[in-house]
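Open your viewer and get ready to click along. Each stop on this tour tells you what to select and what you will find there.

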Amino acid sequence: MSPANGRPDTAWRNPLRDKRDKRMPRIAGPCAVVIFGVTGDLARKKLMPAIYDLANRGLLPPGFALVGFARRDWADEDFGKIVLDAVRQHARTPFHQEVWDRLAEGFRFVQGTFDDDASFERLSETLHKLDVERGTSGNHAFYLSIPPNAFPQVCEQLSKSGLADKPEGSWSRVVIEKPFGHDLKSAEELNSVVNSVFPESSVFRIDHYLGKETVQNLLALRFANEMFEPVLNSHYVDSVQITMAEDIGLGGRGGYYDGVGAARDVIQNHLLQLLALTAMEEPVSFSPAELQAEKIKVLSATRLAEPLNETTSRGQYAAGWQGGEKVVGLLDEEGFSKTSTTETFAAITLDVDTRRWAGVPFYLRTGKRLGRRVTEIALLFKRAPHLPFDATMTDELGQNALVIRVQPDEGITLRFGSKVPGHIMEVRDVSMDFSYGSAFAEESPEAYERLILDVLLGEPSLFPVNAEVELCWKILDPALEYWASHGKPDSYESGTWGPESSFEMLRRSGREWRRP
């Protein structure tokens, strides 16, 4: 209570913030977040630090509680120490003891297993006590930071214990991490199970890429600037390349990754969502329903180009040099079978059969142990139909390009030709760069901060709905089925940009991959 007027505070007072944060101005109402899988890497490195950062920015209410659920024999104080360690190691905002003390008052831990009814009864009792003691008002978000095969069991237990059903005036929401199934059939089954307990409006599927500031800026770039939107179509754009490259391998992650592969892990969700935002038409408004409708339209019009032996590529990294260090190949990584056919690189060619994009190939690629860590969307423009220059004047001129850099150097690059100073006419590529880091004094919120806050606010704009998930699998499934029946992935040396087959995929149409 405020000592001056007796009214409750509307936001936590803290040293970082004396007025509302313009980047994320809405403050969550009273609520509790329950994290299943609280002992995992995701909870430790992302979720718990993001919750502290939200509190530090003044975006969580006084009536907030965090509940951990796991098998460990921990007291509430033990759980608090785990959260504190995670915050000190991974939080993005400075540590302030008064913010921490206020947040830690709402920590609770429930020991249990997913198959034990009594564990969920204890969870229910804990949440009811928090409703009384912390004023969480019956508003509960259940974050399933657990393997997908455990989703049905946890949803069933939440239903059986009555935690999924809420009286009018309060809410219950479930947060699901990818992967959302492993093909179309399994995704449909998973959606059916989840929706039998939670209505679609209460289901939040996390794709952390959609929480990145640069991805959201794609909408501003396209629809707030008249200079770009008129030329983003098949009259001017030659091709679109969407790349997510990682320079790390899979040491220690064999148990999760083997049998999943690069296409399921990245293309089905991250890259197809980036395609949808790049290719969709302008929404009537930025309301969740309108945004989702436009994404669904463009995904419905998207299909794999054929024949698949020429328009797709997959690979497995072999030994090589990465960052000056000799590294082993996938089959020598711990947890992988010597006969594994799991791909660590995948590339596909897509056609978007809309009036705007018909005839423009969309190339999507992702991989481990590539040349560097980078995610970008590159729109490559057609060459001018007539150049009043001879070949020697333009031999260093490439294609004009608009490049949205998603990570790590967030920003936008515009590449075009310019005359080289001197007495002769010589045209060479130059770049005009916009960087978030240098253009704005404000630091961008971390993706999980934005997404967790949106869950608590009930704001679903950045979360894929059933139809999007299923359409993405419908697009990708033919490639997965084709690869499953056509032997092993091609090999590529660590530190390079993928197998030769991926370069041949573009050369057949006279194109080349852009080197980020």
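We will visit a sheet, then some helices, and then a stretch named in a record.

Before you start, note that this is a predicted model, in which local features need pLDDT of at least 70, side-chain atom pairs count only at pLDDT 80 or more, and totals for chains, interfaces and linings use all residues. Residues are numbered from 1 along each chain as its sequence is written, and side-chain values use heavy atoms, with hydrogens and water left out.

**Stop 1: the sheet.** Helices (H or I, at least four residues) and strands (E, at least two) are DSSP runs, numbered from the N terminus. Show the strands, and look for an open sheet of six in the order E3-E2-E1-E4-E5-E6, with parallel pairing. Its edge strands are E3 and E6 (203–206), each of which pairs on one side only. From one strand to the next, the twist averages 20°. Two strands pair if DSSP finds at least two bridges between them.

Now select E1 (residues 31–36): six bridges join E1 to E2, and the two run parallel. Valine 34 stands opposite valine 67 in E2. Next, take E2 (residues 64–70), which five bridges join to E3. Here leucine 66 has phenylalanine 107 of E3 as its bridge partner.

**Stop 2: two crossing helices.** Select H1 (residues 41–56) and H3 (residues 97–104). Their axes come within 10 Å and cross at roughly 115°; axes are lines fitted to C-alpha atoms, for helices over the stretch in contact, and angles run from 0 to 180 degrees between N-to-C directions. Ile51, Tyr52, Ala55 and Asn56 in H1 meet Val99, Trp100 and Leu103 in H3, where contact means heavy atoms within 4.5 Å.

**Stop 3: leucine 84.** This residue is found in helix H2 (residues 76–90). Leucine 84 counts as partly exposed because its relative accessibility is 23%. Leaving out residues up to four places away in sequence, leucine 84 touches Phe95 and Trp100.

**Stop 4: helix H7.** Select residues 213–223: nine of the eleven are buried, so H7 is largely enclosed by the rest of the structure. Among the buried ones are Thr214, Leu218 and Phe223.

**Last stop.** Select residues 34–217, which UniProt lists as "domain: Glucose-6-phosphate dehydrogenase NAD-binding" in an unreviewed entry. That span is 46% helix and 16% strand.

Notes: UniProt positions are given in the numbering used here, feature names are shortened, and annotations may be inferred rather than shown by experiment. Buried means under 20% relative accessible area, exposed over 50%, partly exposed in between (1.4 Å probe, protein chains only).
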